[in-house]
Structures are given as C-alpha cells and as structure tokens.
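Subject: Structure handover

Hello,

Here is the structure I said I would pass on.

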Amino acid sequence: MSSTHTWIVGSGGLLGSAVVRELRRRGHCVHTSIVPWADHRSARTTLLEHCATFFATSENADWNIVWAAGAGVNGTSDAQFASENELIADVLGLVDRIAARDGTFFLASSAGGVYAGSTGAPHHEGTTPIPLGGYGHAKLDSEKLATDFGVSTGCNVVIGRFANLYGPGQNLAKPQGLISHLCRGYLMAAPVSIYVPMDTLRDYLFVSDAAEMVADALNKSATRKSAPVTKIFASGHAVTIGSILGACRTVFRRRPNVVLAASPLSAFQGRDLRLRSTVWTDIDRRTHRTLPAGIDATLHATRRALGAGR
C-alpha cells in the first residue's frame with residue numbers, strides 16, 4: 001500500500017510547521033510549498049501548479065490537504081481576507097477537477113474568531129457562531145467554502161476551529177500570540193501591551209499537541225465516509241490573562257513587563273472563550289503540555305530565533 005500523501009499549505013507557519021513534523025514522524029509523504037503570499041496572482045499560480053503536481057505525484061495513493069495558511073488577523077482589511085478565501089476556492093476548484101479519488105481536506109479555522117460574540121460558554125460545536133469582526137466572518141466564509149466542497153464532491157472535509165495556539169514558531173511580526181510576545185519582551189527587556197481585561201478567559205493549546213490532534217483527525221477521517229465535520233481543537237482548560245502572567249513569572253523568575261493599553265481591536269475580542277468539544281471526543285483524550293512547560297519551550301525557541309536574527 002502506498003504511503004499517504006499530505007500537502008500542507010502554510011507549512012512555514014506555527015501550526016503548519018508542527019503538522020509537517022508530526023506527519024513525517026508518522027510516515028506520511030509530506031508535500032510543502034513556498035508561496036509568495038504578498039502577490040495574489042503569483043500565489044494563485046504557485047498554488048495551482050503545486051496542487052497539480054501533488055495529485056500527479058500521489059496518484060492512486062491516499063491523500064490529504066491541510067490548509068493551515070492565512071496571514072489575516074483582527075484588523076486585517078476585508079479585501080485581504082477576501083483575497084485569501086479566493087485562493088482556497090481556486091485550489092478546491094482544481095481538486096474537484098483533477099483528484100482521481102476521494103481524500104480529506106482539512107481547514108484550520110479559529111474558535112476565537114467565530115465565537116467572539118457568542119454567549120453561553122463553554123462553547124461547543126453546536127454553539128451559534130457570532131463573529132465580532134472581519135477576521136471571524138472571513139473564517140466562517142472559508143468554512144463554507146470547505147463545507148460546500150465536501151458536499152458537492154464527496155471528499156471528506158474536516159474543519160478545525162482552533163483555540164489560542166502557542167509555542168515555538170510563532171511569527172512575532174504579527175499582532176497575535178500573547179505568550180510568544182511575553183517571551184520576546186522578557187528577552188528584549190521591552191514592555192508588552194495588553195488590550196483586554198485580566199479576567200479574560202482563553203483556552204491555550206500548545207502547538208505540538210495541536211499537531212498530534214490534527215494527525216489523529218486525519219487518521220479518523222481516512223477510515224470513514226462522512227459529511228463535513230466541524231471540530232473544536234482545544235485543551236479544554238481555560239485560563240485568565242492574569243494566570244498567564246503568573247505562569248510567565250514562574251518561568252521567567254521575574255514579573256513580566258506589561259502595559260495595560262487601549263485599542264479599537266479589543267472590541268473584536270470575546271471576554272469568555274472557554275471551549276469544550278463534543279465531536280470526535282476520543283481525539284481530546286490526551287495529556288496536554290502544561291502551561292508553564294509550554295511557556296518554557298516557547299521561551300527557549302524565542303531565544304534561539306532572536307539569536308539567529310529572526
């Protein structure tokens with residue numbers, strides 16, 4: 001039997017790079033792409049060329065596509081979000097035309113984005129999504145693209161609504177990733193601005209734990225034929241921002257240098273984003289990296305990145 005071929009779009013990002021490592025460890029034939037995301041036309045050309053090559057290479061083998069790309073954050077323009085979703089639609093359109101057999105398309109979405117305005121936490125897959133900004137609406141749009149693709153083609157689709165991911169590999173140029181920025185602030189002796197109240201609740205999932213859960217979801221999808229599945233990927237344990245600062249103090253052995261500030265982007269942040277998955281719950285039964293251990297790993301990775309000039 002041929003090895004499973006998996007193409008990971010966004011393999012240079014926090015989640016994508018961790019999924020690459022985990023799937024290679026499990027014996028997948030992993031395909032990655034270097035995509036010029038800043039140029040929409042070039043990005044489209046590259047993605048479609050790599051998609052065609054992927055299916056030519058993986059002919060008669062089991063296949064997965066993991067879409068873990070996306071530069072958009074809260075505050076990104078609607079035009080950029082629309083551009084990113086056009087790329088998803090273009091790739092799915094090509095898959096529909098050239099895939100010789102059914103496989104799985106996995107889309108990484110954001111629990112924080114889609115549930116930002118939802119009530120009744122802890123949120124689960126049956127919670128009505130209520131985004132508060134363009135980021136969350138764009139994630140729902142991309143989810144619809146994936147769902148419609150699954151319904152029309154019969155390919156399996158898994159939509160992963162992820163909790164706050166953290167760990168080695170966070171892009172510090174993006175205005176997200178509180179734990180990574182706290183580590184950078186500690187190492188650079190620079191203050192870190194916090195725009196939400198200290199009692200704000202978030203679920204933090206260490207990225208290698210998330211990658212293992214993605215790999216398990218792909219394995220599960222490969223064994224069954226199902227309608228598109230939406231699943232929350234989370235630790236199931238929410239902490240306050242104040243608790244995160246306390247854990248950082250334990251790891252740093254000094255108080256994190258933070259500044260409470262105001263930002264219009266705080267209006268897009270939900271206050272209580274506790275999460276509890278009720279779908280494919282066997283994937284959730286695992287020992288997750290503890291917050292202090294995860295912060296320590298992130299600190300060491302950030303120190304290496306800064307030392308390498310990244």
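The second largest pocket holds about 260 Å³ of space. A pocket here is an open set of points on a 1 Å grid over the protein atoms alone, with protein on both sides within 12 Å along at least five of seven lines; a cavity is a set of points where a 1.4 Å probe fits but cannot get out, and lining residues have an atom within 4 Å of a point. Grid points are joined across faces, edges and corners, and a volume is the space filled by probe spheres set on the points.

This is a predicted model, in which local features need pLDDT of at least 70 and side-chain atom pairs count only at pLDDT 80 or more, while totals for chains, interfaces and linings use all residues. Residues are numbered from 1 along each chain as its sequence is written, and side-chain values use heavy atoms, with hydrogens and water left out.

The lining of the second largest pocket has 16 residues, and Asp62, Asp102, Gly103, Thr104 and Ala222 lie nearest the centre. Strand E3 (63–67) and helix H7 (207–222) each give at least two residues to that lining, with the largest share, four residues, coming from H7. Helices (H or I, at least four residues) and strands (E, at least two) are DSSP runs, numbered from the N terminus.

There are two cavities of 30 Å³ or more. The largest cavity has a volume of about 40 Å³, and its lining is made up of Ala111, Gly112, Ala163, Asn164, Arg202, Asp203, Leu273 and Leu275. Helix H4 (111–114) and E8 are the elements that give two or more residues to this lining.

Next, helix H8. Its 12 residues (241–252) should span 16 Å at 1.5 Å a residue, and its end C-alpha atoms are 16 Å apart, which agrees; the expected span is 1.5 Å times one less than the number of residues. Ile241, Ile244, Leu245, Ala247, Cys248, Val251 and Phe252 are buried in H8. Seen down the axis, these buried residues fall within an arc of 160°, so they line one face of the helix; the arc is that of the directions from the helix axis to the C-beta atoms. Buried means under 20% relative accessible area, exposed over 50%, and partly exposed in between (1.4 Å probe, protein chains only). Their cover includes helix H6 (178–188), strand E8 (201–206) and helix H9 (291–307). After H8 comes Arg253, whose phi is positive, near 65°.

How many disulfides are there? The count is zero, a disulfide being a pair of cysteine sulfur atoms within 2.5 Å. For Cys29, the nearest cysteine sulfur is that of Cys51, 15 Å away; Cys29 is partly exposed at 29% relative accessibility. For Cys155, the nearest cysteine sulfur is also that of Cys51, 11 Å away, and Cys155 is buried at 5%.

Last, two residues that touch. His28 sits in the loop between helix H1 (14–25) and strand E2 (29–32) and is buried, with a relative accessible area of 12%. Beyond neighbours within four places in sequence, His28 contacts Ser3, Thr4, Thr6, Leu23, Asn64 and Asn219, contact meaning heavy atoms within 4.5 Å. Thr4 lies in the segment before strand E1 (5–9) and is partly exposed at 21%.

Regards
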